[in-house]
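This briefing takes up helix packing, the ligand surroundings and backbone geometry in turn. Please read it with the sequence and the structure at hand.

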Amino acid sequence: MCGIVGCVGLPKAVGVVLDGLASLEYRGYDSAGAAWPEGGRIALVRAAGRVADLRNLLGGRAGLDVETAIGHTRWATHGAPVEKNAHPQVSADGRIAVVHNGIIDNFVKLRGELEDAGIVFNSDTDTEAIANLVAREYAGDLVRAVETALPLLDGTFALGVMAADQPGLVVGARRGSPLAVGIGVGFHLLASDAVPIIPHTRRVVFLGDDQVAVVAPGACEIREKGVPIDWACTEVTWSADAARKGGYDHFMLKEIHEQPIVLENMFRDRLRLPPASDSDPEFIFPEMEFSADYFKGISRIVLLAQGTAYHACMVGRNMIERVARVPTYPEYAADFRYRDPILDPSVLVIAVTQSGETMDTLHAVRLARESGCKVLALVNAVGSSIAREADAVFYLNCGPEIGVASTKAFTAMIAGLYFLALRMGQIRETVDRQEIRRRVNDLLGIGHRLEAVLALDQKIRRIARKYKDAANFLFLGRGTGWPLAMEGALKLKEVSYIHAEGYDAAEMKHGPIALVDENMPVFFIALGGRRYDKIVGNIHEVRARKGRIIALASHGDKAISKIADDVVRIRAESGIMNSICCAVPLQLLAYHVAVLRGSDVDKPKNLAKSVTVE
Ligand code: F6R
């Protein structure tokens, strides 16, 4: 949460920082600010509201001829989202400016000590204490001052620090919150992730915990424990276009439409299907540095995640248990880590996360590692904290997901978990060659199948128009339809602000049915399979109570039209294909309802894309 950007060595650095902040707004967007050294002072402009408000306030100063600047877009933790609490925060003596992502747990104590020493605070933020600590230590050597202040901080931070009298120098530091350094020719950038860096350079260093980056136009030093260390760049493969809307009205819609290509790419990159039917399909996990033994001797799998990623894990559990026959438990990372879970080295923990920075998932990963478990990460963001801390990584390679509501990462997680399930089944010999080939074949043509589902866009928009004023929504499904129902409800509530619940349809009679009346739209995932008759029974029960029924059903299901008010039809196929394809109408419904209600789809209120606080 919160996005930070720093720039040294590029002309019009304030404008560069501003553009970078705009591309990081999915991390937080309740206030924004920028600072740069100007005539021995810190020039500071901050605005409550969006980066666009900051841009307006800056006016022509965005084009100033300065080469050093830092900036911040905020998701408030300490202090209301008002101008005085926006970052950069400047020390009382005006010499040091700081942008910060994270939370300083001991800031009350630090602030008290500084106040006792006569320092006057002007904000309610924890960050102002950092600026004043650095200023206290500053005697012309900014690196030393930052390195002296850092050990005094408890909590998490990614920082960009600048001194009024040292244009051409920005110091970055991280502990627990992400920070990337863009390596250019004659310039360097600091940012919370690679997105603001890519328009300028694809060469990125992802800082590790307790590392400090010292960037000047022609030099970059990465330091640890006060001494420079060797560093290596990652070459980011996606282009700047991937982080633009590309003609779509919103990132969310663009990312929904990217799913065919994301999933096709995953199959192309991760699967070799030899033509002879008696040879084994080959799964390719180049970033995993382990042998087939990794999956042997596993007594249990724990899938750790939050939010949408947790719903993907619920789908994943069904696939892993069916194919690899290992007991599998999806867990909310936040609850898991505080529950004193029973762990040992025979437990495989799979952390599933788009950002790779979700604080609860990260801490749960650490707990699992300390307990001797194998920890595999299914991650989208390359170089992220969880990718680095796990002992093996499976990258989703979705490209940047900018829309705050996760869409393409969700289906990629399901597909990624399916690949892992198949590979585990292959190694553990719980499925034979023919079965694996059959299951792999089930997924061939996923791109075309998803294109066909996306073609339902206008039909779903019409349904959205009909139900957009509902105050509540229920989503019901069975089997993998249950986590999909939960995901449908989550998507709708986060972007449209309609209260929605997703349930196992079997659970309906145990409570939720009390809510059903003529004002309650109920979205059923009714695609066939073993539980189909039961779902139809549930539809009748809702109908009998005058609920308004929307059904996601198969083309061949003629009978459903008689009991549902609206039907969205897709081609029913194998379980995995259905799980992935069903997600798309749910995403489109949430998107269209939100647009019709006038919500800011890509930046829903109170949310931020990556939840780096607990
Ligand atoms: C919902 C959404 C969130 C995230 C959750 C975990 O649309 O995006 O629920 O899924 O915050 O985030 P990651 O996957 O980054 O760990």
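In this predicted model, helices α4 and α5 cross in a right-handed sense.

**Helices α4 and α5**

- Helix α4, which spans residues 127-137, packs against helix α5, spanning residues 142-149, at an angle of about 125° and with the two axes 8 Å apart.
- On the α4 side the contact is formed by Leu133, Val134 and Glu137, whereas α5 contributes Leu142, Arg144, Ala145, Val146, Thr148 and Ala149.
- Sorted by class, the residues of this contact of α4 with α5 comprise 6 nonpolar, 1 polar and 2 charged.

**Helices α8 and α16**

- The axes of helix α8 (residues 307-324) and helix α16 (residues 481-496) approach to within 8 Å, and they cross at roughly 170°.
- Since an angle over 145 degrees counts as roughly antiparallel, α8 is roughly antiparallel to α16.
- The crossing of α8 and α16 is left-handed, and the residues that make the contact are Gly307, Thr308, His311, Met314, Val315 and Arg317 from α8, together with Trp482, Pro483, Met486, Glu487, Leu490 and Lys491 from α16.
- In terms of class, the contact of α8 with α16 holds 6 nonpolar, 3 polar and 3 charged residues.

**Helices α7 and α12**

- Helix α7, made up of residues 259-270, and helix α12, made up of residues 408-428, pack with their axes 9 Å apart and at an angle of about 25°.
- Because an angle under 35 degrees counts as roughly parallel, α7 is roughly parallel to α12.
- The crossing in which α7 passes α12 is right-handed.
- From α7, the residues Gln259, Val262, Leu263, Met266, Phe267 and Arg270 meet Lys408, Thr411, Ala412, Ala415, Gly416 and Phe419 of α12, and by class the contact of α7 with α12 has 7 nonpolar, 3 polar and 2 charged residues.

**Ligand surroundings**

- The ligand is surrounded by 16 residues, of which Thr353, Gln354, Ser355, Thr358 and Glu494 are the closest.
- A polar side-chain atom of Glu494 is placed 2.5 Å from an oxygen atom of the ligand.
- Backbone atoms also take part: a polar backbone atom of Thr308 lies 3.1 Å from an oxygen atom of the ligand, and a polar backbone atom of Val404 lies 3.4 Å from an oxygen atom of the ligand.

**Backbone geometry**

- Most peptide bonds are trans, and most residues other than glycine have a negative phi.
- The peptide bond that joins His87 and Pro88 is cis, with omega about 0°, and Pro88 is found in the loop between β4 (68-74) and β5 (89-90).
- Asn397 has a positive phi of about 50° although it is not a glycine, and its place is in the loop between β22 (392-395) and α12.

Technical notes. Residues numbered from 1 in each chain as written. Predicted model: local features only at pLDDT ≥ 70, side-chain atom pairs only at ≥ 80, totals over all residues. Heavy atoms only, no water. Axes fitted to C-alpha atoms, helices over the stretch in contact; angles between N-to-C directions. Helix = DSSP H or I, 4+ residues; strand = E, 2+ residues; numbered from the N terminus. Parallel < 35°, antiparallel > 145°, perpendicular 65-115°, else oblique. Left-handed = near helix turned anticlockwise from the far one by under 90°. Contact = heavy atoms within 4.5 Å. Nonpolar A, V, L, I, M, F, W, Y, C, P; charged D, E, K, R; others polar. Near = heavy atom within 4 Å. Polar contact = N/O pair within 3.5 Å; in protein donor to acceptor, adjacent residues only side chain to side chain.
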